[in-house]
Amino acid sequence: MRKVDITVVLNTHNEGILAHPTVLSLQRAKLHAEHQGLTVEVLVVQDKPSPETLEYFSECKMLDFTTLPVSFGDLGLSRNAGTQAAKGNWIAFLDADDLWGLNWLTACHRAATGEAREVVWHPEANQYFALDPYIFVHVDMEDPAFDLLTLATNNYWTALSFAKRELYLSHPYPPTLLEKHLGYEDWSWNTHTISRGVLHKVVPGTVHFIRQKPVSLVRQVENRSSLMHPTGLFKDLIDNRDK
C-alpha cells in the first residue's frame, strides 16, 4: 500500500449546502497535489452534524473520503480526533464552509519538506467574506515585523494550518470551556506551541477564504468575554526581560 503524504481533516457541523464550494476547492487542491505526485486522503470529521450536512456528504460523489463521526461540539477536540485517525505524514485542516486556493497543499508540502525545524505553516493571507469582508495578512515569526508580545492581545494566525501529524499529536488542541470563559482554541494552541519551541511561518503566494457567520463558536466565545487558555509563554518573556 502506498504511503499517504497528506491527510486533509475537514471539520463539519452545521454547514449543509455551504459545504459544496468548500468541497470543490478541496477537490481542486487535491487534484493539483496529486498531479505533483503526492498522495492525499480526505477525512471528514462530522461533529454533531445537522441533517442537511449529513445529507450533503451522504450524496457527495465528487470526492473520495472517509467519515469520522464524533460528538464533541468542539472544533479543537474534533481536530484532535481527525489527527489521531489520519494516515498521512502531514495534516491540513479545513472547515467545511471555508475555501482553499488551488496551490495550498502543493506549496505547503514543498515548503515543509525543505525545513528541518518544527514548523506550523499558514497561508500568506486570509480573505474574509460574507458579513464583513476584509483581508487579514499573516505574519511570519521570522519576519522583523513579528512581535511576540502582541500575541498576548491578538491572534496572529487562524486554525487552517499545515504541519507534521506528530506535531499535532504532541500538542493537541485545548477544548473550549464556555462555563470557565476559556476559548479561542487556535489562539491558545498557537501560543502553547510557540512556548514549546515551534515556529509559525507563512507559505508565500497562498490564500484562504474564510466565511464569516452570524452564529459560530468564536462568536459564542466572544459573547462570554472569554480568554485564551493560560500559558507560561508571556511570564517567561517578562521574566527574561527583567533579568
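**Exercise 1. Are tryptophan 90 and phenylalanine 162 buried or exposed?**

Tryptophan 90 is buried, and phenylalanine 162 is buried too. Buried means under 20% relative accessible area, exposed over 50%, and partly exposed in between (1.4 Å probe, protein chains only). The model is predicted: local features need pLDDT of at least 70, side-chain atom pairs count only at pLDDT 80 or more, and totals for chains, interfaces and linings use all residues. Residues are numbered from 1 along each chain as its sequence is written, and side-chain values use heavy atoms, leaving out hydrogens and water.

**Exercise 2. Find how many aromatic pairs the structure holds, then classify the pair of tryptophan 90 and phenylalanine 162.**

Step 1. There are eleven aromatic pairs. Rings of Phe, Tyr and Trp (its six-membered ring) pair if their centres lie within 6.5 Å; planes under 30 degrees apart count as stacked, over 60 as edge-to-face, the rest as tilted.

Step 2. The ring centres of tryptophan 90 and phenylalanine 162 are 5.6 Å apart and the planes meet at 15 degrees, so this pair is stacked.

Step 3. Tryptophan 90 lies in strand β4 (residues 90–95) and phenylalanine 162 in strand β8 (residues 162–164), 72 residues apart. Strands (E, at least two residues) and helices (H or I, at least four) are DSSP runs, numbered from the N terminus.

**Exercise 3. Which charged residue lies over the face of tryptophan 90?**

Lysine 164 does, at 5.0 Å from the ring centre. The test: NZ of Lys or CZ of Arg within 6 Å of the ring centre and within 35 degrees of the ring normal. Arginine 79 likewise places its charged end over tyrosine 173, 5.3 Å from the ring centre.
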